[in-house]
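Hi everyone, thanks for having me. Let's walk through this one together, starting from the middle.

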Amino acid sequence: MSDRAPNHAVLPQTRGALTPDRALADLTWLRVGGPADYLFQPADQADLADFLQGLDPAVPVFPMGVGSNLIVRDGGIRGVVIRLGRGFNGISCDGGIVTAGAAALDAHVARRAAEAGLDLTFLRTIPGSIGGAIRMNAGCYGAYVADHLISVRAVARDGSVHDISAADLRFGYRHSDLPEGWVVTEARFRAEAGDPAELAARMEDQLARRDASQPTKDRSAGSTFRNPAGFSSTGRADDTHELKAWSLIDAAGLRGHRLGGAQMSEKHPNFLLNAGGATAAELEALGELVRKRVHETSGHDLQWEVIRIGEP
């Protein structure tokens, strides 16, 4: 065990898996980053609540989804990374309500809802899990989590369990007011009724359009920067591209630009790729180079959409 790790004696007993010095690179889509002092995979919500209640308040916690929107820096994460798995990925449909565990994949929720004749098709092409989608108010094709969310259940840093209405999360573009260190365990969505076959066909069309315009076969973390326009692509014919991050990056001459093993995609310039053997430092440095060049050429300050965490 590393001498960086919190004192093992202060960590509560758990029924789930608690792993010291757990490498995180294989848990992120970009496949980079150092270890977490501890990785905790709770058995269920009660296990998570008991653990957080008994954990020294000075020990930081970081809830991690499937790592689809994340750069873990090469020095790793001090504290406890919490990753939900089985026991947190259930999906059920009742009337016009879809209830999903925070570890359920966005795509699986969209498909299960469609089979039940409920329209959450906007989730189909969003990489990641429901917990992350809520924290970031994920969206595409003009629809966002905020448009459908009723409420979430979350465990606070002190172990208390809370039901939070969508209004209290004060959603914005790629933003929610979920408190730091709180772990979403479940979400309830309102969905319009639709014909299952038509919903399935719509999702197939969305996938085809995504694959045609994005580097889905490459190692990326999705969109790297938020659109200065303040909204995601609508997919409609009248969609404007003037203040889209990809357009500003392209105009700055950085489509395909490379730094070590990191590269801005040739196919979609707002996708930062691990093109082979990249370090987290190279990926972040390329992102900062893009931000600097775009500011010089357009005057716009690109804001990171990919979450960066940990020590260099």
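When I say two residues touch or are in contact, I mean heavy atoms within 4.5 Å. With that, I134 touches V145, L149, V152, L169, F171, S176, V184 and A187, leaving out residues up to four places away in sequence.

Before I go on, this is a predicted model, where local features need pLDDT of at least 70 and side-chain atom pairs count only at pLDDT 80 or more, while totals for chains, interfaces and linings use all residues. Residues are numbered from 1 along each chain as its sequence is written, and side-chain values use heavy atoms, with hydrogens and water left out.

So where does I134 sit? It belongs to the largest nonpolar core, which has 54 residues, and V80, I134 and L149 touch the most other members. A nonpolar core here is a set of buried Ala, Val, Leu, Ile, Met, Phe, Trp, Tyr and Cys residues joined through side-chain atoms within 4.5 Å; buried means under 20% relative accessible area (1.4 Å probe, protein chains only). Another core, of 22 residues, lies apart from it, and includes I71 and M264.

Now helix α2, residues 106–115. Helices are DSSP runs of H or I, at least four residues, and strands are E runs of at least two, numbered from the N terminus. D106, A107, V109, A110, A113 and A114 are buried in α2. They line one face of the helix, because seen down its axis they fall within an arc of 165 degrees, taken from the directions from the axis to the C-beta atoms. Those residues pack against β6, β7, β8, α3 and α5.

Key. Buried means under 20% relative accessible area, exposed over 50%, partly exposed in between (1.4 Å probe, protein chains only).
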